[in-house]
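Trainee: I would like to go through the labels used for this structure and see what stands behind each one.
Mentor: Go ahead.

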Amino acid sequence: MKVYQTNEIKNIALVGGTKSGKTTLAEAMLFEGGVINRRGSVDDKNSVSDYREIELERQASVFSTVLYSEFAGKKINIIDTPGFDDFIGEVIAALKVADTAVMAVNAQNGVEVGTEIVWRQVSRLEKPVVFVLNQLDHEKANFEECLRQLKTQFGDKVIPAQFPVNAGMGFDTVVDVLEMKMYKFPKDGGKPEITDIPAEHQAQAEELQNAIIEAAAESDEALMETFFENGTLTAEELAQGLGKGIATRTMFPLFCVSAKNNQGVNRFMEFAVQSLPAPNEVIRETSTDGKEFELNAEKQPVALIFKTAVEQHLGEISYFKVYEGTLTEAIDLINSKTDSKERLSQLFAVAGKNRQKIEKVMPGDIAATIKLKDSRTNTTLTSSKNQDVQVSPIVFPDPKIRQAVKAKNTADEEKLAGVLKEMNSIDPTLLYEHSKELKQVILSGQGELHLNVAKWMIENNNKIGIEFFSPRIPYRETITKSAKATYRHKKQSGGSGQFGEVHMMIEPYYEGMANQTEFPVRGQDVHEMDWGGKLIFNSCIVGGSIDARFMPAILKGIMEKMEEGPLTGSYARDIVVNVYDGKMHPVDSNEISFKLAGRNAFREAFKNAGPKILEPIYDVDVMVPEDKMGDVMTDLQGRRAIIMGMDSEGNYQKIKAKVPLAEMNKFSTTLSSLTSGRGMYGMRFAEYQQVPADVQDKLLKAYEAEQEEED
Ligand SMILES: Nc1nc2c(ncn2[C@@H]2O[C@H](COP(=O)(O)OP(=O)(O)O)[C@@H](O)[C@H]2O)c(=O)[nH]1
Ligand SMILES: [Mg+2]
């Protein structure tokens, strides 16, 4: 393969709803570029892009696939992405390195949930957009309705570059208003017959041509002037304006195809290599310290790994985009996070399973390498240690659902931990944590499907049977008033005995509080608990009733109880302990005795101090289509949500609420069914709050029952 220079490269992400035909379109683009000599299909399970076992089983993309095509002396890097919201992480990573988002829209369905979901990411990342209206051969294909929906949803920047003459069954002809020609495609692809536009379509063609010329002119002041002077633009000026308009997001042109019949794909590629921005014609990527990368081939290499995958018979494969410098085969680089060396022994242009060795990768290009030691998704590879050139990282969304996970066979637990770690480094939206507090391994991700696919992979690829169950809730315990308790630990067994007596007063801690005045505080330890909140340990001992050397033992006893709270065994927080008196025995007092006395006195005092259970509250943002607002509000109220605000965003309402984590169970499934998949949400830990009395009662009873079971 020839070495493609920066201005000969187009990086596109194929995005859009599920089943809009992204994978089929990618297949046709590879075929048209001669990268494959036979078109496979998703239905026949032989497409280049959906080749992994899980995808063949589901007949849908789960991962993104990096592909390329060569066309008219240029290289088009194509990242085919999955359409489900659950795999949005893959879409976000693809958009990070793409210079244009090609949005596939199903001509029979118009704007779908997936279209809207992806649109949000595309807009957030300010990526140029081109629409491809696909499946025009479908009997229910409706160009006018789709265009209406696209304009309503995404604005008047959506501008047709083509319109179909005979959408529906038998579709084979479009009018192209950039060329002002009619294209009639053979039944199954191949060279189109290009003719003048027949009289009956001339008016519509002219109208659309004017619209696109005007839009192109608007991208540039000089062009605008030319346009006003001459009333039109030359082909050259139009091409220039289109390029600029797309790159600056002042227009989103629309193309018409049937990917399945390979009709219109070649013409779309012709347009793509001509008018889509090259990597150096869009907003520049920056380093973490805000410096723009120049895509300069002479500079020291900087490449971002945006995707890591494990391939059968090959092992790990790392996909990267070069932002600076030239990468050559066998180059030695450094992982900018760990400083460890990485040799890129081989460089590949990849098209799914097909790989072609290449010698050089220029700035702006996308390529792959294998067998890196410890560099995974979101790592920058660069050339020298002290270069401050980390590419600003891909920002993945927070997890939306969590499940506790356990190996069916306990002997597999350790292996499972290893597998989960590996999976996370490949898919940063799949998180796992061994929670000491909950005594569970918690797996979290973007949705039920996401976790189920993870389960499938663990069971099929790693041969570990696993089970999901409800995660425990990390409750906290605290007190609401002060209380005193005295505890004497005394034991006489044979020779030496144990004796320790502790008197303590405890009270709720809050920021900025003053010391109590009943017992003068003589010494103070402030402990920030690992799980949040504080323990203030005050010594108020007078006259040596307890030796100073026993105080650490008392504190230790209290800490033990803070770690396993008296109410439900959850962590306790925000308590002031004042030890104000006690007794010692000249022979029998020792550390153990005071630890036990301290622990038990604390437990007693805690029970009398208006103890309360606190629960984690999350900030939840829900996006709901306007007409489903009522249903979702009702559901939220059933989850003890407090509505903090509402905002409208297009046809959507954004609800901001505070919801207890304990009530978020299955919210993703419920929201999806209430809104036919259109609703979306995100959640983030906010604070701890007291649980209502009835909930506390339930939790206390549950804990008691659990304790009895264990006894
Ligand atoms: N009739 C028709 N079907 C299509 C076309 N493109 C894709 N399909 C079918 O739509 C389904 C989904 O296609 P796929 O490429 O997997 O969509 P993706 O989920 O967006 O990748 C498959 O059954 C395809 O054969 C098209 O242009 N016309
Ligand atoms: Mg697909």
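Trainee: Leaving aside its neighbours within four places in sequence, which residues is Arg249 in contact with?

Mentor: Val122, Ser123, Glu126, Lys127, Pro128, Val129 and Lys157. Contact means heavy atoms within 4.5 Å. Before going on: this is a predicted model, where local features need pLDDT of at least 70, side-chain atom pairs count only at pLDDT 80 or more, and totals for chains, interfaces and linings use all residues. Residues are numbered from 1 along each chain as its sequence is written, chains are lettered from A and ligands numbered from 1 in the order in which they are written, and side-chain values use heavy atoms, with hydrogens and water left out.

Trainee: What makes Arg249 a residue without a salt bridge?

Mentor: A salt bridge needs a side-chain nitrogen of Lys or Arg within 4 Å of a carboxyl oxygen of Asp or Glu. The nearest side chain of opposite charge to Arg249 is Glu126, 5.7 Å away, so there is no salt bridge, although Arg249 is buried. Lys and Arg count as positive here, Asp and Glu as negative, and His and the chain ends are not counted.

Trainee: What does the side chain of Arg249 reach instead, and why is that called a polar contact?

Mentor: The backbone oxygen of Lys127, at 2.6 Å. A polar contact is a pair of N or O atoms within 3.5 Å; within protein, one must be able to donate a hydrogen and the other to accept it, and residues adjacent in sequence count only if both atoms are side-chain atoms. The distance of 2.6 Å is within that limit, so the term applies.

Trainee: Why is Ser47 called buried?

Mentor: Its relative accessibility is 5%, and buried means under 20% relative accessible area, exposed over 50%, partly exposed in between (1.4 Å probe, protein chains only). Ser47 is therefore buried. A polar atom of its side chain lies 3.1 Å from the backbone nitrogen of Asp50.

Trainee: Where is Lys45, and why is Lys45 called partly exposed?

Mentor: Lys45 is found in the loop between H1 and H2; helices (H or I, at least four residues) and strands (E, at least two) are DSSP runs, numbered from the N terminus. At 42% relative accessibility, Lys45 falls between the two limits, so partly exposed is the label.

Trainee: What is noted about phi of Lys45?

Mentor: Phi of Lys45 is near 55 degrees, a positive value in a residue other than glycine. Most residues other than glycine have a negative phi. Asn262 also has a positive phi, near 50 degrees, and is buried because its relative accessibility is 4%.

Trainee: How do you know that the span of H10 is close to the expected one?

Mentor: The expected span is 1.5 Å times one less than the number of residues. H10 (residues 413–426) has 14 residues and reaches 20 Å from its first C-alpha to its last, close to the 20 Å expected. Its buried residues include Leu416, Val419, Leu420 and Met423.

Trainee: Why does Thr308 count as buried, and which backbone nitrogen lies 2.9 Å from its side chain?

Mentor: Thr308, in strand E12, has 2% relative accessibility and therefore counts as buried. The nitrogen is that of Thr377, 2.9 Å from a polar atom of the side chain of Thr308. Among the contacts of Thr308 are Ser425 and Ile426, which are also buried residues of H10.
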